[in-house]
Amino acid sequence: PCPPLTPFPSAPLQDIRNTVGNIPMEWYQDFPHIGYNLEGKKIYKPIRNKDELDMFLEKMENPDYWRTVQDKMTGADIKLTDEQVDLVQRLQKGQFGDVHFNPYEPAVDFFTHEVMIHPVTNRPADKRSFIPSLIEKEKVSKLVHAIKMGWIKPRKPKDDTPTYYDLWAHEDPNSILGRHKMHVPAPKMKLPGHEESYNPPPEYLLSEEERLAWEQQEPAERKLNFVPQQYRCLRAVPAYARFIHERFERCLDLYLCPRQRKMRVNVDPEDLIPKLPKPRDLQPFPTSQALVYRGHTSLVRCLSISPSGQWLVSGSDDCTLRFWEVCTARCMKTLPVGGVVKSVAWNPNPTVCLVAACVEQSVLLVNPCLGDKLLYGATDQLLESYEAPEEERVQPVRWVAATTEEHSRGVRLVVQHSKAVKQVTWHGKGDYFASVVSDNSNLQVLIHQSSKRWSQNPFRRSKGLVQCVLFHPTRPYFFVATQRYVRVYNLLKQELTKKLMTNCKWVSSMAVHPGGDNIICGSYDSKLAWFDLDLSTRPYQLLRHHKKALRSVAFHRLYPLFASGSDDGTVIVCHGMVYSDLLQNPLLVPVKVLKGHAITLDLGVLDVLFHPTQPWVFSSGADGTVRLYT
Amino acid sequence: TRRLCILKGIYPHEPKHKKKVNKGSTAPRTFYLLKDIKFLLHEPIVNKFREYKVFVRKLRKAYGKSEWSTADRLKDNKPSYKLDHIVKERYPTFVDALRDLDDALSMCFLFSTFPRTGKCHVQTIQLCRRLAVEFLNYVIASRSLRKVFLSIKGIYYQAEVLGQPITWITPYTFAHDHPTDVDYRVMATFTEFYTTLLGFVNFRLYHSLNLLYPPKLDGQADAELKPAEGKEYAMDSESYLEKLSALSASLARVVAPSHEDEVEMDEFPVEGETAEQMDQRKKEQEALEKHKKLFEGLRFFLNREVPREPLAFVIRCFGGQVSWDKSLCIGATYDMSDPSITHQIVDRPQVEQQVVGRYYLQPQWVFDSVNAKLCLPVANYFPGVLLPPHLSPFVLEQEGDYVPPEKLKLLAMQRGEKPDEESEEEDEEEEEEEDNNDKEEEEEEESEKEEEMKLKKMEEQKTQNSKVLPVKVTTGKLRLEDKQRLEQEQQSEEKRLAIMMMKKREKYLYKKIMFGKKRKVREANKLAAKRKAHDTAVKEEKKKSKKA
């Protein structure tokens, strides 16, 4: 109800009503006129020559300036009357334009809930209100049919049982089924420790490095799944951002994580340690280092001792053999041999004073000329008493008598092999000795008889790289250790008696018990295998005492002791009691770890050897020393 | 099937022989027991789920065709299912249900803090809130709360219900920023089961205390509450849950509480139990009773900046009376100006207008007191004071574990000693000593020779202190030590040798155990060292400030 503002009653005298209609007046911007009046004449724009200053002056001086507006249609200034100003103000307030309009007239409740005596309308009722509706009937019949056919179910009665009731009113022990006994309950969430507190003790806060380490760890690997933090007061504690995550992960764990009953091993670690007899009860055995034999300038590869236990011979990489007096550690004799000494063996026969040594391609038989003059004289005589047989025999080696110069130094015989010799070992009687050649053919092992200067090759075929060989101390058996197996041959019957599986990767050394029924094998994979020949071809026990490769093993001749030397620079002495009762298994107890050798070039102990009568052990090492432990 | 697995509590199993089951491969796969899957097939609720699926399909179709009447009719016949029998099946006895309540409570408390929009149904949230509040009211009525812990994740509570420890965590009351990588449907399924379980458990718990369920406020308290709130809360039904959640009024009982119920139980000596054990048990019982009445007779007032619900819950659990500002929440029983208030919990740096006759304390005092089972000295908890560390009550230190010094102090206090003064004195002494040392050090810095001289002097002093001729004493001691050391060495060597003879498997086990032990020791040492470094740093700072 707002009257249009264009036909102003304030300008009735000159009717300059514009006839252009409701168009944007910008269209006439560039013309001198602004439209056309009723008679079709142009309405010219009023002449405007007021500049800003005039406008300002008018604003200041004209008291009606605020109620003056410009008529867009005619371009003339119009002063609003009081009623018009009033109207504008009312509209601005959101009131009705008409002053006299009352928006809050009392309502007439026409269709009232009270029953009136007169009808609201006087219209008579329709005819259709008296007759039943066909459409409705159709609909009803459809519904009835649907109900009949079971398509529509009548409304179910609301079930009025309470939502919660005493579910466990009758606890039936029969209801505990096998399922419940089988059930693995989910472990409860871990309870929080001090570090989770909002104000933990200061030691639980992470330092800068720990925090960095925490950030770099995989989220699954972190020990704590949050960074401990300290807040001065409870008010400052913020919400934990991963709360929902953690609940969700818990949910996932509950229904996706496989469960398994794990028996917690609740063992006292002390109980796991086997009860062994005390080493003190198993004495005597070497316990401490007594003497150091210095003199070699390079690593000492091999050791041997005279049957009397008075003299010791050692061979070294500095191309010498040295003879020592055991009790004084004095070097009695140095024999330069012009090659690396790989192995040395003193003749076990106490009536013969003879040492066999492997130097490159030959085995030297040396008379050290130590001790009883009669004895070594007899040895020389024994060697010289040899008479060459009439017919020349075909031999795999050449026996050469030493030159005079060599003879003066002690060398008596040289057995020249075709290839380098690695090991030499005497038979217990002191006549035969065996040598091992590093070769891949059947000529690896040779057995020599020193009195007859005769050699033979016992094997027709090679069974692998032979590591070392040994004679049985009492019976005509011969042990040959290849990389993984130890073969036992009967020399009389000339047949294989046994093949022992060492369960090692590479056998390095072997020693036989003076009783002859037990063997130990050291291997480069730091294992020591004890075989009981009567028991089985597999090791009775595998001992993993050393941390590095074993270089040599040795048995004591009288005492139940054996020793092993290894690259880790230690010699471990074990008590190895063999009972004469066949039913009782041997008792193996480590009794002492002997240290002393410095590790040079990653090599520690190269050879170990027991004194023939005393419970002493010698060891030679890569540091160029020989040590005696008593 | 996921929903079924969750509801029925079926979980995968780790097979004993993984290769045997997995056709020789060791690739990680999950295995369910065949029996479990067959068991799922027999579940009647499967059919209900199918019906529901059909219903949803029909409804969608009706909406698509805009057949409103059909849609209405379908909605009227909406199939519903109940989980009662599953609860009963999974937990044949009530104790079983209590044992599994931890997760249910945590989940309900989390869901009750969710906003009423999106994410999950409003009804679920309301139900969770109701059940959680009911449980809190039960804990108050039975006074079974034992431990509280303010962690950075939320607040842990531990209650003991029928001898079962129940631990739950509630988040701090802030708006959640909902993560996007969380499947809310899984959580909703769990919550569905948990609400059913918690409802039944609540029912049973309320009945065990002769309380009405659904809970009603005590008539007297109700009457007190009413006039004050008549104007502000028009709808009685609306304010009911809020009144309940105010936790300030006690609940109505079926039978009026009589003191005869609290007659002490007759004690039957258990066979094979010595008198000492009996005594100990009795003592424990007494301590527990005392703990339950920790705040008896104290009147607390909570300022508006402290979290109202946890504090009100804890205080009421231990018999204290609590109130808060009337504008903060419904259920305030007395005003801040009440002269009988003994403690006012404040969490701002300073308080203006302190009223004489009450302690102004930080909220940690309440929690620490509960955990310590005694009212701690208030001096450490005044507003604006640097708080002592808040320790976890769930950590039970075993031998060899690291124990923070605060815990040691607390243990001493529980034993009835008063270590505070001593330790302070000690501290002072130490400080003095250190001062002396410092002076000495300053002197020492002049030259190294003097230092040597000093060392000699020190030795002399020592010998003088012992007042025995020095030579003899030292030699005698040395010998003794040597003998012991030798013996020790021998023993350790014997042990080493014996370890060498162990079988491979046992050796592995032994090494594992020893490694674990060593790691434990290492960690404890690390913590101790850290603490020491921190303490010295603090001390130095103190000294500096003193000098300044």
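**Salt bridges and an open sheet in a predicted model**

Both R247(A) and D103(B) are buried, a term that denotes a relative accessible area under 20%, with exposed standing for values over 50% and partly exposed for those in between (1.4 Å probe, protein chains only). The structure is a predicted model, in which local features need pLDDT of at least 70 and side-chain atom pairs count only at pLDDT 80 or more, whereas totals for chains, interfaces and linings use all residues. Residues are numbered from 1 along each chain as its sequence is written, chains are lettered from A and ligands numbered from 1 in the order in which they are written, and side-chain values use heavy atoms, with hydrogens and water left out.

The side chains of R247(A) and D103(B) form a salt bridge with an N to O distance of 3.2 Å, a salt bridge being a side-chain nitrogen of Lys or Arg within 4 Å of a carboxyl oxygen of Asp or Glu. Because R247(A) belongs to helix 6 (residues 243-256) of chain A and D103(B) to helix 8 (residues 101-112) of chain B, the pair joins two chains; helices (H or I, at least four residues) and strands (E, at least two) are DSSP runs, numbered from the N terminus. A network of salt bridges links E203(A), E406(B), R531(B) and D535(B). Over all chains, the count comes to 34 salt bridges.

Within chain A, D64(A) and K79(A) form a salt bridge whose closest N and O atoms are 2.8 Å apart. This pair links distant parts of the chain, with D64(A) in the loop between helix 1 (52-61) and strand 3 (68-70) of chain A and K79(A) in strand 4 (residues 77-79) of chain A, 15 residues apart. D64(A) is partly exposed at 22% relative accessibility, and K79(A) is likewise partly exposed, at 46%. In the salt bridge between E249(A) and R242(A), the closest N and O atoms are 3.2 Å apart; E249(A) is partly exposed at 38%, as is R242(A) at 36%.

Chain A also contains an open sheet of 4 strands in the order 5-33-32-31, with antiparallel pairing, where two strands pair if DSSP finds at least two bridges between them. Strand 5 (289-293) and strand 31 (605-610) of chain A stand at the edges, each with a single partner strand, so that one side of each is left without a neighbour in the sheet. Neighbouring strands of this sheet are turned by 20° against each other on average, direction ignored, the axes being lines fitted to C-alpha atoms, for helices over the stretch in contact, and angles running from 0 to 180 degrees between N-to-C directions. Strand 31 of chain A pairs with strand 32 (residues 617-621) of chain A in the antiparallel sense over 5 bridges, and the bridge partner of D607(A) in strand 32 of chain A is S620(A).
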